[in-house]
Each structure stands twice: as structure tokens, then as C-alpha cells.
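Please walk through this structure with me, one region at a time. Keep the sequence and the 3D view side by side.

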Amino acid sequence: MSLLTAENLALVFAALTALAVLLYAILDGYDLGVGITLPMKQEAWRDTSIASIGPFWDANETWLVLAVGLLLVAFPAAHSAILHALYLPAALLLIGLILRGVAFDFRAKVKPERKIHWDWTFKCGSLLATFSQGFMLGIYVMGLEYHLGSVIFACFSGLCVTAAYAMIGNAWLIGKTTGDLQLHAIRQCKRAGVWTFAGILTVSAINPLVNANVYQVWTEPPLAYLFAAIPLLCFAMFALGYLALKRLPLPNDQGAWIPFFICKVIFVCSFAGLALSFYPFVVPNQMTLYEAASSKESLTIIFFGAVIVIPIIAAYTAVAYYAFRGKADGLKYY
Amino acid sequence: MLDTLLLSRIQFAANISFHILFPTITIALGWLLVYFKVRFDLSQHPVWMRAYRFWVKVFALTFALGVVSGITMSFQFGTNWPGFMETVGNIAGPLLAYEILTAFFLEATMLGIMLFGFNKVPRWLHTSATLLVALGTTLSAFWILVLNSWMQTPVGFEMRDGVAHATDWLAIIFNPSFPYRFTHMLFASALTVCFLVAGISAYRLYRGDNKKAPRLTLKTALFSAAVLAPTQAFIGDLHGLNTLEHQPQKVAAMEGLWHTQNGAPLVLFGIPDAETQTNRFAIEIPKLASLILTHELEGELKGISDFEDAHPPVAPVFYSFRIMVATGIAMLLVAWWCSLRLYRKNELTPLQYKVLIGMSFSGWLATLAGWYVTEIGRQPYLVYGVLRTNEAVTTVASEQVALTLIMYLLLYAVLLVAYIKTLFWLAKRAIDVEEYDLSLPGLPEKKTQIATEGASV
């Protein structure tokens, strides 16, 4: 019990919240990515693409509820400061998520001639959601302030996050599909990868220039040498991914999951980079996570719940992924 | 221009009203699917799978709408009501966290297996997934109703520097109004689903669907409704007595009782007038309100004027209460009327089919009206006696709230129309499918016999 001091708890919950955000970005990232690059020309491709994410998207989105929920319960002051500043983009994000979430189900159940409308709704809703998320991230990095520079940066960030989701979404499809659709996904993955790479480079350059303490984190020895491993690993992954995509598809579908694995590492590196840049701030340059944390008693209660329940969640999530392993086929409702 | 407080209230009311429509269906429909699935596993008769497969589609669509409208709620606590978490976050926070951890992930993950896993996982795992989805939706209802009931009857905490700190978690979870509100809501969900299933099944039969599955689901739904409806009236009455004990001003508003009196009449209908503190054109039954609520003809009931500025607006609570009760009575009568006919003749009249089709969504009306009674009846408080609604509101500019409100309202209107149209389209399409899918794995050998005769279920 003595380990559960207010400070440790704040740190643990910051780590939990960060983990939820990261898992959300990876998991909902791939299904959002499938949405934004949905091939509108071929209905069969759309059916297969959507079948590949059908059993998972709902649970993936729950990580967003957990992330926002943890922010709300563990750092209420930060939650209201951040969402206050991001009121409109957050509303657009929600509208995007609502549209794509329902389009998913409507497309399979409405009159056949209406299906294409819901497919467009799915694609545009996904796009609205990813752009809003990137925009919110951009404004967050800029210290939650709105001026011409920060809005331009946020729009750019919106495009980059969209590209990153398109990249991981198509990497997922490479693993989940075969034939022409897989070739299509490989091409799209390459294209999105180039934009993502450009985006990460730009954000990495601008962030330390705008925030003085970010500059300090990444340049002050001795830790800076250690931290340098993160961008190096990230860029190595891009190189490896480029090589892998050039050679795919291989006979017997070998290595089809390599791009998805590489994308995951890239997401983890980018996220770790951002998290290190801002620690200990939860609202950039305004509020540290220690200042924002709620009372020790209620965090302790949630802590024990989380310790027991999160392994169980991981276990049954593993069951679901195991049940739907292998290539996506035409999913049927039963 | 309306101010941020009023706009935020309208926006939250719109969001939560839209949201509650879908969980109201999924909570009970989940258990109905468990019933269908277990009957299929036990009897191996494909009619149960037909019923399951039709209603699991409705479940999937409804669940998706519930999930996405629920995500909106988790954002709105912070965007529009920052004062709520600042004041009672130490209590609301853990309850919400437990809801996400124990319920949301469970239902969302198992849903994938339930919807798409029939041919991919062992039979027992598919049935378990169905069961866990139902358990998950009920657990969600449990946690959120704990929080809502605590906001109505807060106990187990102490205020330190204007912030609530929990002192007794068991008391918080099983707070005085929770058992009543939770049971009332579960039964509301069950009745809503009964009428939805009866309405859609009636639609199929009325349109000439001669298969066994819609007959079976119609019978299941109607007979259940005939038992559930009077039970719900009894639970509602207990809930009302509990409210009288803890929130007398809410009951005063429900009854349209402006002034404290002995032997208060039951106002069947009237037009409450806040200016004069009277009901115009009131139709009353003398002394009945006192009799119902205090079990004495001359019992004393507190009136609105006793509560100065700490009472809710009378008219919306008064009307909502009457809409809820009237809808509930209509549901009870229709359930009995149709059940009796179905029991005797095994078939309904065309008029009964039409009435049932028309009442497909009657449960929504009653549930919404009930929630308006309890939520508007809590005003001017957000947490009864602890935090006023106007103390919790955001400082976001009213133009921004107005803009998002319009976006949400438009979106919700479109989705609601699409949802209802799709349900009836699914029913219409189901008329043309084959009676049984005999390719189901694990069916017994007597397939041809089933196909020609149908079994007695």
C-alpha cells in the first residue's frame, strides 16, 4: 500500500491513459484506415475490406472511450481544459465516428440500391474522424492555442494522421486479403507511407522549435543519447517497410503481416516520442499530470479494478482475434 | 440568442434521449437472443436459429447506434459540464471507469464472435459469447443506473472544500433509489423489446409471411408482455413511493400539487399554470393521491410552494408522467387483449396486427417520458441537494454550443428515420427467405422431416 502514493498513482494513471490512447491509435487506426481508403470502384473489394474489420471495430473504438474516460476520471481538470479548447474539432470527430459506426451496419441491411450511399458515408465519416483527430493532436502540440500558424500546423497534422491511419489500414489489409485487393493495398500502403514519413519528419522538426522544453528533452545529454534511439528505430522501420512492400506479395503469402507489424512499431515510436516530449505535462506547458490528478482514494479504487480487469480484457480480446484469424472471407451474420 | 446553460441542457437532453433509445432495446434483446440460442442448442430445431438470425441483425444495428451515441456522452461530461466532475468526480469517476472496464469491453469484444462467429468457433463458445454480450449490456445498465440513482439520492460521501469524497462505496452503489430505478429500467427494456418484437412479427404475418419463426416470436413477445406489464406497474408504484420519501418535490410536480394539503386529489388531467400556481381545467378524483401515496384518505402531501426555489418546473414533469402512465396502460391492455385471442384461436385479427404494428415503438415513448419525469424532476439540481445544474455548466461560447447542437439534431433525425425504415425493410425482406436454413452445422439427421412438417414448438 505504501507504494500507492498520490504521485505514483498519478504516474500510473498517466501511463494507463497513454496506453489506452496508443492502443486506440493502433487498433481503431487500422479500421479507420480501411475506411478512408475504401475502394469505391469495386463492390466486392469493399465487402471484403469491411468484412476484415467487422468483428473488431467495436472493441477497437472502446479504447477511445477508455482513454477519454481515464482522462475524465483521473485528470478531470486536464479533461475539461483539453476538451474545452478542442470543443469543435471534438464534435466533428464524434460526428465522423457516429456516421462511420452506423454506416457499417446500415450498409449490410438496407435496400441494395442504398448500399453505395452508406459506403460513401462510411468512407467520409472515417475521413472526418481521422482528420479531426490529427487536427486535435496538432492544436494540442501547439499548446491548445488558436492562431494562424497553429491552425495551419493542425491542418497539416490532420493530413499526416490521416496518412498514418491509411498506412496501417492498408498494412492490415495486406495481411487479411489476397489477389488483386492485396496488390491494391500494397500500392496504397506505399503511397500513404511516404506521406506519413514526411509528416513525422516535419512534426519532429517543428515541435522542438515551438516548445522550448521539448528542445531541451531531445538535446540534453546524457538522456538525449538514449532517446535518440526512438527516431532511429522509427526511421529504420520506414526503410525496412519500404523494402518489404517492394518485394510483396511473396509465394505462399509469406511475410504478409510484416508491414502491419512495422506500422505498429512506427506508431509506438511516434507515440513514445510525443509522450517523452511533453512529460510531465498533461496540458502542454500549463498543467502537469501531478497537478491534474484527482483524489488518491478514488484513484486507488480504480487502480485495483484496472489491475484485475485489464488482463481479462486482454485475454478475451486474444480469443476474438484467434477466432477470426486468417484471411477475411465474406462475413455472414448468424 | 439562448445562453450556454440552456443550449447545453438541450444538447445533453437531445444526446441522452437519442442514446437511451438503443440500450433500452439491446439490454433485453440480448437476453431474448440467449433464450433463442439456448432453445436451439437444446432442441436442434432450426426455427430457433431463424428467430436468432433475424433478431441478431436488429441487435447489431441497434447496438452500433447505442455505441456511437454513447461515445458522444463520454465527451460531453467534459465539454459541457466540467463542474460535474470537479465537484463529484471522486464518486462519478470510479463508477464510470468500472462501467467501461467491466462492461463496455466485454460486450464490444463478444459482439464480434456473436455476430460473425457461428461458423468459426465451437457451439458452446458462440452461445457463451451471446450470454456475455447480454451480461455486458446489463452490467452497463447496472453501473450507469448506480451513478444516475446516486445523483438522485446521494449518500455515502462527505463534502470537503466543496468537493465530494467517498466514505462508503457500498452505500454509494446501493443508494436508496437504485434498486427501484434499476428494476424499473430493466422491466422497461423488457417491455420495449416485447412490443418491438411483437410489432415487427405482426408486420411480417400481416404481410403474408406464413413461416413459423414470426409466429413463434409473436407468441413469445405477447405472452411475456402480458406478464411483464402489470409487474412493471407494481414496480413503478414502489419507485414512486421511494421518490416521495427522498425527493418529495418531484412527486409534487408529478401530481400537479401546488400547495401542501391533507386528502390531496388525484389530478387525472389539467394544465399546470406556474403563474397562479393552479391547474386549469383539472379533472380530479378526490383524496386518491393521498390514498395512493400515503395509504390514508387524509394523508398529508407536500406541495410545490413549500420548496421555494428548490423545485422542478411543474408542467414538463406533470405531462411526462401522464404520457408514461397512459402509454403503460395502453401497453398492458393491448398485451392482454392480443394474448387472450392468441391463446384461444392461435391467430390474431387484422385489426390486432395493425394495432401491434402501430405500437412497435410504444416502449420508447414510455421510457423517454419516464426518464423526463425523473431527470427534469431532479432540477434545479444536477446532484440532488449537492450541485445545481447552473453551477456545473461550461464557459464555451454559446454560438459554438448552438452550432454543435444543430449538427447533432440533424444527424439524430436522419439516423432515427433510417433506423426505423431499415427495421421494417429487414422484416419485409425476411418474408421472402426460405423457412429454414438446413445447412446449419450440428443439426440432427431428421432434416427432411423438419422441413416438411415443422416441429411442435
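Start with Lys37(B), which lies in helix 1 (residues 4-43) of chain B. Helices (H or I, at least four residues) and strands (E, at least two) are DSSP runs, numbered from the N terminus. This is a predicted model, in which local features need pLDDT of at least 70, side-chain atom pairs count only at pLDDT 80 or more, and totals for chains, interfaces and linings use all residues. Residues are numbered from 1 along each chain as its sequence is written, chains are lettered from A and ligands numbered from 1 in the order in which they are written, and side-chain values use heavy atoms, with hydrogens and water left out.

Is Lys37(B) buried or exposed? Lys37(B) is buried, because its relative accessible area is 1%. Buried means under 20% relative accessible area, exposed means over 50%, and partly exposed is in between (1.4 Å probe, protein chains only). Leaving aside residues up to four places away in sequence, Lys37(B) touches Met49(B), Tyr52(B), Phe118(B), Arg123(B), His126(B) and Thr127(B). Contact here means heavy atoms within 4.5 Å.

Stay in chain B and move to helix 11 (residues 350-358). Its buried residues are Gln352(B), Tyr353(B), Leu356(B) and Ile357(B). They cover an arc of only 135° around the axis, so they sit on the same side of helix 11 of chain B. The arc is that of the directions from the helix axis to the C-beta atoms. What do these buried residues pack against? Their partners are helix 6 (178-206), helix 7 (212-246), helix 10 (314-345) and helix 14 (398-432) of chain B. The face turned away from the buried side carries the exposed residues Pro350(B), Leu351(B) and Gly358(B).

Next come the strands. Strand 1 (residues 157-160) and strand 2 (residues 163-166) of chain B pair in the antiparallel sense over four bridges. Two strands pair if DSSP finds at least two bridges between them. Together they form a hairpin with two residues between them, and Asp161(B) in the turn has a positive phi of about 50°. Glu158(B) has His165(B) in strand 2 as its bridge partner. Glu158(B) also forms a salt bridge with Arg160(B), the closest N and O atoms being 3.0 Å apart. A salt bridge is a side-chain nitrogen of Lys or Arg within 4 Å of a carboxyl oxygen of Asp or Glu. Arg160(B) counts as partly exposed because its relative accessibility is 36%. Glu158(B) is partly exposed, at 36% relative accessibility.

The structure holds 18 salt bridges over all chains. Side chains of opposite charge can pair when their charged atoms come close. Arg107(A) and Asp119(A) meet through their side chains at 2.4 Å, N to O. This pair links distant parts of the chain: Arg107(A) is in the loop between helix 5 (87-106) and helix 6 (115-141) of chain A, and Asp119(A) is in helix 6, 12 residues apart. Both residues, Arg107(A) and Asp119(A), are buried. They belong to a network of salt bridges that links Glu43(A), Arg46(A), Asp47(A), Arg107(A), Lys115(A) and Asp119(A). Lys109(A) and Asp105(A) form another salt bridge, at 2.8 Å, N to O. Both Lys109(A) and Asp105(A) are buried.
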